[in-house]
Amino acid sequence: MQKFKLFDNWGTFHKGMNANNIQMSLANHLEYSLSKDQYTATDRDMYYSLALTARDRLIERWIHTQQCYYQHDVKRVYYLSAEYLMGRLLINNLINLGIYSETRKAMEELNVDIEELAENEPDMGLGNGGLGRLAACFMESMATLEIPTYGYGIRYEFGIFNQAIRNLGQVELPEIWLKYGNPWEIPRPENTHTVHFYGKVKQITLPDGTLKTEWVDTNDVIGIAYDTPIDGYGNETVNTLRLWSARASKEFDLGYFEDGDYLKAVEEKNLSENISKVLYPNDHIYKGRELRLKQQYFFVSCSIQDIVRRYLVTHVTFDAFPDKVAIQMNDTHPSLAVAELMRVLLDEHGLSWENAWDITTRTCAYTNHTLLAEALEKWPIHMFESLLPRHLLIIYEINRRFMRDVSVRFLGDEARMRRMSLVEEGDEKQLCMAHLAIVGSHSVNGVAELHSKLLRERELKDFSEMYPGKFNNKTNGVAPRRWLLAANPELSNVITEHIGEDWVVDLNQLRKLETLLDDTAFTTVWQRVKQTNKDVLVRITQQLTGVQIDPFSIFDVQVKRIHEYKRQLLNILHVVYCWLKIRQDTGLAMHPRTFFFGGKAAPSYTAAKMIIRLICHVAEMLNHDPLTKDRIKVIFLPNYRVSLAEKIFPASDVSEQISTAGYEASGTSNMKFALNGALTIGTLDGANVEIQDEVGSENIFIFGLTADQVPDVRTSYQPYAYYLKDPILKQAIDMIREGFFCPEEIDLFKPLIDKLLSEDTYLVLADFEAYHQCQMRVNDLYLDKQAWTAKSILNVARAGKFSSDRAILEYNRDIWKAEPLSVIRCKRK
C-alpha cells in the first residue's frame, strides 16, 4: 500500500464537502468503523472507509428524500427487475454528489490514487447483461430526474459468475462479491415479509355468499430487505434500491440436533436460503427450474407486500392505489406481480374480483425485452400447481375471463384463442408468463422502434389487435453520467471546455459539437484523447492476456453476451478470412487491426461456449504468425463486466453490432460505443436503426439482410451454396472444421461448422459477403484520419436520443405519470 499521512485527531467527524472534511471522515471511519490505523490499514480498508465517507453524505439526503415523499404523498414508481448490473458505485456516487474533485484532492494529499483505490471495489454483478445494466441506468436517471422511485430485486449472494479462460475455453468461477462486505447497503432486519410456498388452498362460502380463500399448510421463507441509496446528479434526490435476501422461517431444529442429526437440524435453513444464493440457477434440470420459479415469486411477493404496506401508511382504502403506485415489470421475470397483487387484494384485504382486477391492471405495466421465444418464460402446470397453488387458481380465473372476452371479440376464431390463452396446451401444459403480464397491464412496451413494431406485427400480433392502445415503444438509453462523464473523463473535459456542462443532464446539448468539425485544434485534441484511451486498454490487455497489441491499430470490438444470434461466429470467421487474404497478398492495403471479443456464455449453452473456444484457438494461432501478427491480432478479454466495459468503450474505434436482423430487441452497447466516438458496423437490427436515423447513414456502416428480408430468405436458404461460392471463405471454413486451429483435437469444431453448413439458423453465410465489403469500407475510411475523426465527433454529437434520461421521461409521461419532486425545494419549505 502507498504511504499516506493521517490526521492525529481521528475523532473529529464532519459531513462537509471539501477535501479537509473528507479526510476527517475517512480517518474517522478507518479508526471507528474498521478499527485500523496507519500501520494496519490496507488498500481495501482505505476504499471501504472512503465508500463509507461518501455514504455518510448520501444518507442525510436519503432520509430527507423519503421524508419529502411521505409529506407530499407522492405517486411512487416501483421498478421490479430480476437483474441489476450496478457495477462499481464509488466514482459515480462521488460525481453525483458533486464531490469528486474535492475527494481526488483529499486523496492526493494523502498520497493515494483514487482511481487505483476504486479498483478494490468488486462489481455489483447482480445481472447477466443488458437487461440488468439498463435497470441500473434507469435507476440513476429516475433519481436525476427527481422521480420518486423504488427499485426491487434479489440480493444474490453470488452474482453472475467470474469467467476465466483456461485451456482456451471458458471456465465459470463463483463471484463472491460480498466476501469483504458491501459498504453501500443498509440491512433492514425490521423490514421483513413472509413468502409462502407449496401447501394447499381451502375455499369456503360464508353465510353472506362470499367465497373466502385460504392458502394453508405452506412452507414459509422470510425476505429481509437490504437498501442501497441511488443518488441523482445535480440535486439532492436519493432513491432506494431494495434487494431481498431469503432467510428460513425456522432457522434451527433443536430436536434433530439433539438426536445427532446435525445436517437435518439446519436443512430447512439451507434450502430456504438457496433462493437468494445464485443468479439464474441451471434451469435445464427440474430442481433448477423450480428454484428459478421460487426466486421470481420470492422477490415479487416481498416487493408487492412492501408496496402495499407503504401505501397503507397514508391510506385506509385502496381507492387511490393506482394514483399513488406505478409498478413496472422489467421483462417477464416479475410477471407474477399481476397474480400476487391480485392475491393480496383478494385474500388479505377482501376486495371483490372486479375491484382488485381494476386496481391491478391500472397499476401494472410490462416491458418486453426479447423476440426470442425461449426467453418468453413458460412454467409447467404441475410444477406451478405444487409450488404456488393459490396463484394457479387466480391465473385460471384471469384466463377464463380473458378467453371469454377474446371469444366475444373474435367470434369463432378458436385458433386465436389457443394462441392467446395463458395456458398453453400440449404434451405438457404450461403457463405463458408474457401473456399474463400483457393481460394484467395497462401498458406493454418494446425497447426499440423496430422491436416494438415486430412485437405488434408478429410475435404479439393477436394481443396488439385485442388491445391496440396498450402497446407502445420506449427506446432504451444509457446513463451519460456513467458511460461518458465517469468512464471517459478526458473526453468529457474536452466537451465541457468547448460547450459547457449542461450536456451532463441534457445530452442533446452535444449537438453543439457539430460546429467544431472544422476546428483543427479541437479535432487534434479529440484524436489525442482517443489515443490516450487506447493506450490504457493496451496496458489492460497486456495484464489480462499477456498479449502486446499495437496501440495505433484499429480497435475493432465486439463485447456482449455470447449468443448465436449476436453472431460472434460471423466476426471470427471473417477474421480468419482476412488473415488468409493477407497471407495470399502481403501487399493488401489493410490497416493493422486488433479484433477484441468479450462476453460470457451461459454455463449450459454449449454452442456459445464452443464459439468462445473457437475465438481463443484462432487467437492462439494468428497472434503467433510471424507473417501477419503485426497486422492482425485477436484478443478475448476474459470476465467482461461493467468496470471493464468502462475502459473498453472509450478506447474503441469500431463497434460490432452484427446480430441477425429481427433478433436483437434493442442493445445498449451500441449506444455506449457511439457516445464514446466509435463508429458502428451493424445490421438494421434493434436500436441500430435509430442510431442510423440520428447519426446519418453516412456516419455508420450498415450491411446485410433486413428484418423484413430474413423470413423470405429462410424459405429457400441453402448455406452450402454460399460456402462453395467464395474460395477463400470455403478455405477458412474447411480449416476450422478440419482442425487446423486445434490440432490436438481436430474434430473439436466440426459440429459447429456442420451446423453452420446445414442449418445456419442465424444466416451467417448469407450476410458474409456484405459484411466483408462493409469492413473494407471501414478500412478505407480509417486511412483518412480527418474524415474518420469527423464521423467520430458526429456520432457523439448526435447521440442525445440515447440517454436513459430521455427514456425515463417518456416512461413517466406516457405510463407512470408520477410528479417529480425537488427535495431541495421540499426542504426549504
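Q: Which residue in E20 does Asp556 stand opposite?
A: In this predicted model, where local features need pLDDT of at least 70, side-chain atom pairs count only at pLDDT 80 or more and totals for chains, interfaces and linings use all residues, strand E19 (residues 554-559) and E20 pair in the parallel sense over 6 bridges. Strands are DSSP runs of at least two residues (E), helices runs of at least four (H or I), both numbered from the N terminus, and two strands pair if DSSP finds at least two bridges between them. Residues are numbered from 1 along each chain as its sequence is written, and side-chain values use heavy atoms, with hydrogens and water left out. Within E20, the residue opposite Asp556 is Phe595.

Q: Which residue in E21 is the bridge partner of Phe596?
A: E20 also pairs in the parallel sense, over 6 bridges, with strand E21 (residues 632-637). In that strand, the bridge partner of Phe596 is Ile635.

Q: How many residues of E20 are buried?
A: Buried means under 20% relative accessible area, exposed over 50% and partly exposed in between, with a 1.4 Å probe and protein chains only. Arg593, Phe595 and Phe597 point one way from E20, Thr594, Phe596 and Gly598 the other way, and all are buried. For strand E20 (residues 593-598) the count is therefore 6 of its 6 residues.

Q: How far apart in sequence are the parts that Cys68 and Cys826 tie together?
A: Cys68 and Cys826 form a disulfide (a pair of cysteine sulfur atoms within 2.5 Å), with their sulfur atoms 2.3 Å apart. Because Cys68 lies in helix H2 (residues 43-72) and Cys826 in helix H35 (residues 823-828), the parts tied together are separated in sequence by 758 residues.
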